[in-house]
Amino acid sequence: MDDPAFAPSPTSGIDITTQTILLHASNHDLPALKPLLRVPGNASVQDPETGFTPLHAAIAACGAVKPSSSSTVASTGNGEVKKEGDAVKKVGEVEGQGEEEEEEVDIEKAKKVVEELFFSGAIWNDLDVNNETPGCLAYRLGRMELYEMCVNAGVRAELLLGLMGGYEELEGEDSDMDEVGDEEVEAGSAAAEGQGEMDAQGSLNGTTKQHDLAVGPAEEVVLSHQTQEPPQPPKKDVNSADYLASSLTFTTSKLLDSDNNGVMMAWESDIMRRTVDLLLLPSAPASTPKTGARILNIGFGMGIIDRMFRDTQPLKHHIIEAHPGVLQKLSEPDSDFGKSWEESAPETSEGGEGAYKIYPGKWQDICPLLLRAGEVYDAIYFDTFGEDYAQLKLFFTEVIPGLLDSEGAFGFFNGLGADRRVCYDVYCKVVEMDCLEAGLDVEWTDVDVDALGG
C-alpha cells in the first residue's frame, strides 16, 4: 500500500495520520497506536466526517452489550432449531456457514487503549457530529467499564482546573455562551458554570481546529457540519449579576427571567418534597418530617420548599433572597410570607421576634452577619440561580461549618451538568470530594421526575 497510486489526493481532505490513529484505536491495537501518541495532540485528532476522536473510535468498536439470551431451544418444525435471543441456525450447520457470528470483543484490550489515550492527553468531553462525548457513547452502548473510565478522566480534569483557578481562556480562543431553557435545571459546571463551551486546540487533518466540548450545564452545541443554517449569534451568558438585574415573570407553574430562562419550575416540587423529608429526618421512624427545627433557606424563588418547611412548624425559619422582583412579590399584602408569617413564630427562647424572617440581599453579604450573630441551624438548603460552582463550593466550605449544627443536614438543588449524564456524574464526584474535604459526609438520593413541563 506504499504505492503512490493508492495515496489520497492532497485535495481530498483526508489526513493519513488521523485515519491511521483512528484505525489502530478501533482495532484496539495498542502496540501500533502508542508510537503515534507521542506527538502532542494526536490523542485528540478527529475524523472530519464523523467527529470521532480515538476515544470515540475505541469505544464504538466494542459495539453494544448484548442482552443475555435464554438457553431455551425450540424446534421450528422445518428442519431448523431456534435458540431464543439468537439468530436462527439450521440443524447440522457447521461453524462458519450462513451468517458469521460476531466476534466477542476483548474489553480488557479496549480498556488499555482508552487508558493510554487518556494518559496521552485525550479530551474526555470532545463531541462528535452526533453531539456525543466518548462517555455518552459508552453509556449508550452499555459499556459501563469504559463509561466509568470517562467519568474518572473528567473528574481528574475538573479537579485540575479547580486547582488552577478554573478555565483560563487562551489568546485567540472564542467562548460561546450557553443559556438555560424553560425546562432546564439550575445547573453548574465544576470548572465554570454558565461559561459555555471551552475551546481546546487540536490537530485535524493537518490543520488547527477548535474542539467542541461538552462543558457545563445546558449546553446546546450546534456543529457547523450538522446544519445548513447560517451561524447563530452567541447566546447570552446566564450569570448572577444579569439575573438580579432582570425582570421576572411569575406564573403558577414557573418563574422566568427576562431572557426566558427557567429560574424555578413547578415540576421541581417532588424534588423539594424529598429534600425536606431528608433534611428533617425524625429521630424515630415516622411518616412526617420532624417539627421544631431551625431552618435556613438560600433562594426563595417561587417559595416551593419554604412552604414545605413552614408546614413543619419550625422553631426558626430564615430565608435569604436577593432578587428585587421576588422581594417585591413577598412584600405584597396578599403574600403568605409577610408580616403575619413573621409574627407566627413560636414564643420560645429561640423563637419570637426575628425567628421567622426574610433577609433581603445576597448570601455572600448576609451569611457573615448570621455567623457573627452566632446563628446555628439544623437544616440548610441552597438553591440560587446564575451562580457558578465556585460559589457553591465557597458556601459549603466557608459558610456551612459555622452555621450548621454538628448534627444538622445541608442540601442543595443539584443540577450540575444536568443536560448530559456523563457531565452530571463527573460533577457529582467532584462535589463529593470537595464536601468531604470540608468535613461533610455525603449521601446522594435519586428522585424520579415524571415530566419537565412548564
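A crossing of two helices is termed left-handed if the near helix is turned anticlockwise from the far one by less than a right angle, and right-handed if clockwise. The structure is a predicted model, in which local features need pLDDT of at least 70 and side-chain atom pairs count only at pLDDT 80 or more, while totals for chains, interfaces and linings use all residues. Residues are numbered from 1 along each chain as its sequence is written, and side-chain values use heavy atoms, with hydrogens and water left out.

The crossing of helices α13 and α14 is right-handed (helices are DSSP runs of H or I with at least four residues, strands runs of E with at least two, numbered from the N terminus). The axes of α13 (residues 389-403) and α14 (residues 421-437) come within 10 Å and cross at roughly 30° (axes are lines fitted to C-alpha atoms over the stretch in contact, with angles from 0 to 180 degrees between N-to-C directions). The two helices are therefore roughly parallel, a term for angles under 35 degrees. Contact, meaning heavy atoms within 4.5 Å, involves Tyr389, Lys393, Phe396 and Thr397 of α13 together with Val430, Val431, Asp434 and Cys435 of α14.

Helix α12 (residues 363-372) also approaches α13, with axes that come within 10 Å and cross at roughly 15°, so α12 is roughly parallel to α13. The crossing of α12 with α13 is left-handed.

Elsewhere, three strands form an open antiparallel sheet in the order β6-β7-β8, where pairing requires at least two DSSP bridges between two strands. Strands β7 (residues 254-256) and β8 are joined by three bridges, and leucine 255 lies opposite methionine 264 of β8.

Note on methods: Angles under 35 degrees count as roughly parallel, over 145 as roughly antiparallel, 65 to 115 as roughly perpendicular and the rest as oblique.
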